[in-house]
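The sequence and structure are shown first.

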Amino acid sequence: MVSAMENRKSPGLTTAIFIGLALGAAAGILLHYAVPEGKVRDVLLIDGIFYLIGNGFLRLMQMLVVPLVFCSLVCGSMSMGDTKKLGKIGVKTLGFYLATTALAITAAILTAQMINPGAGLDLSALETAQVTIGEKEGLADTLLAIIPVNPVRALADGDMLSIILFALIVGMILAGLGEAVQTVGNLFSQFNDVMMQMTVMVMKLAPYGVFCLTARTFSGIGFDAFLPLFKYMAGVMIALAIQGLVVYMAILKGFTGLSPVKFLKKFLPVMGFAFSTATSNATIPMSIDTLHRKMGVPRRISSFTIPLGATINMDGTAIMQGVAVVFASQAFGIHLSVADYLTVILTATLASVGTAGVPGVGLITLSMVFASVGLPVEAIALIMGIDRILDMSRTAVNITGDAVCTTVVAFQDGGVDRAVFENMEAGRDG
């Protein structure tokens, strides 16, 4: 009886993460408007406690990514055994990611055309920041970069595509050699179990990390910064909602028959975590764990599709880029033809391949998209000030797309445990 009462009183991890998210946003807004500038607010709280705890937790999550992904992929490809089966899953996954990215940016352009985010905008009223945009490598170099010259260096640098390729090769070789390398296979399996346990330990700190990350973000964003670009923000948010709640859920229902409502309820904590961190890479351990425990998706599939998606599936970023193109063309009075918009769709889709899943990377690839249709790169400076909140939102959409793809691919492979998916208590925290 006492134990049951204690369980009712203490919220589970899912609830705690959302409490941390809500309280963090409220605390950040309160600090921005109600607490005067000074050492207590800026040095002690924002750049002190919030920065230390928030980024400390983020680094703990990032610490898990490379060893977890590498070991999970080796174990997954080793257990899969059949190279043709692995290749089939890879082709399906890649096709899904590229198709949804093209759909996302198309929907974003159509949404922006209805809202007209840049029409009548007085550019002189906006404060613009200096923008420095790095150059993107060509497609051939991007493809070559997938092959690691030094696998150890790729692991050290967190080069996800190279890690994925190397891990798959190692796993397939171990599967081919069978009992002759059973000791090595057992080592990877046992270390994978260690990493999963470490993930559980780190996730207990999630509510505190989410609170501090969110509080620090909102403490630096005033509502005044949103007003001049409100229509642009609205366009991005509407397109993100369409992609996340309509397109993805229709794909899930159409290809698997599974309940979108149950999927969203179970995956919501991961979306909230992605929102607070604004980095797809940091959500990889939590996504794999949630899909396995709550959705019944085998790790041998999710350990391949989730890291790959965090690297190449940037639907939320593509949506921002689509709305930004319409915004910039209207704000600067530059007419874009149908051919220009088709170019934007193609460029943004290709630009998502090999893009790192880290905060703010969408602004870098946006320069490629702007250059492809002759829009001034200076326009990016207009949206930099409010990009952080949009970056948080589109990251949540990015990782949702990864999870939907993983579930669809696993279902078609016969790997989804439907009893686990249908059970709302499965994998419940707390």
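Which residue forms a salt bridge with aspartate 289, and how far apart are the closest N and O atoms? The partner is arginine 299, and the closest N and O atoms are 3.4 Å apart. A salt bridge here is a side-chain nitrogen of Lys or Arg within 4 Å of a carboxyl oxygen of Asp or Glu.

**Basis of the values**

The model is predicted: local features need pLDDT of at least 70, side-chain atom pairs count only at pLDDT 80 or more, and totals for chains, interfaces and linings use all residues. Residues are numbered from 1 along each chain as its sequence is written, and side-chain values use heavy atoms, with hydrogens and water left out.

**Overall architecture**

The chain contains 19 helices and 0 strands; these are DSSP runs (helices H or I, at least four residues; strands E, at least two), numbered from the N terminus. Of its 430 residues, 52% count as buried, where buried means under 20% relative accessible area, exposed over 50%, and partly exposed in between (1.4 Å probe, protein chains only). The chain exposes about 18,900 Å², of which carbon and sulfur atoms supply 66%; accessible areas come from the Shrake-Rupley method with a 1.4 Å probe, and for residues only the protein chains shown count as cover. Among contacts (heavy atoms within 4.5 Å) between residues at least 6 apart in sequence, 85% join residues at least 24 apart.

**Nonpolar cores**

A nonpolar core is a set of buried Ala, Val, Leu, Ile, Met, Phe, Trp, Tyr and Cys residues joined through side-chain atoms within 4.5 Å. The largest such core has 113 residues, and Tyr232, Phe263, Phe370 and Val404 touch the most other members. Helix α3 (residues 39-80) gives the most to this core, namely 14 residues. Not counting residues up to four places away in sequence, valine 404 touches Phe96, Tyr248, Met249, Ile251, Leu252 and Phe263. A second, separate core of 6 residues includes Leu31, Ile46, Phe50 and Ala215.

**Salt bridges**

| Aspartate 289 | Arginine 299 | 3.4 Å |

Aspartate 289 lies in helix α12 (residues 284-295) and arginine 299 in helix α13 (residues 299-312), so their pairing ties together parts 10 residues apart in sequence. Aspartate 289 is buried at 10% relative accessibility, whereas arginine 299 is partly exposed at 23%.

Aspartate 413 is partly exposed at 23% relative accessibility, and arginine 300 is partly exposed at 22%.

Arginine 418 and glutamate 422 both lie in helix α19, 4 residues apart, about one turn of the helix. Salt bridges that share partners join these two residues and Lys262 into one network.

**Surface patch**

Val40, Leu44, Ile49, Leu52, Ile53, Leu205 and Tyr208 form a nonpolar surface patch with about 700 Å² of accessible area together. Such a patch consists of residues with over 30% relative accessible area and no salt bridge, with nonpolar side chains (Val, Leu, Ile, Met, Phe, Trp, Tyr) joined within 5 Å. Its largest share, 5 residues, comes from α3. Leucine 44 lies in that helix and is partly exposed, with 47% relative accessibility.

Terms used: Patches are made of residues with over 30% relative accessible area and no salt bridge: like charges are joined within 9 Å, nonpolar side chains (Val, Leu, Ile, Met, Phe, Trp, Tyr) within 5 Å.
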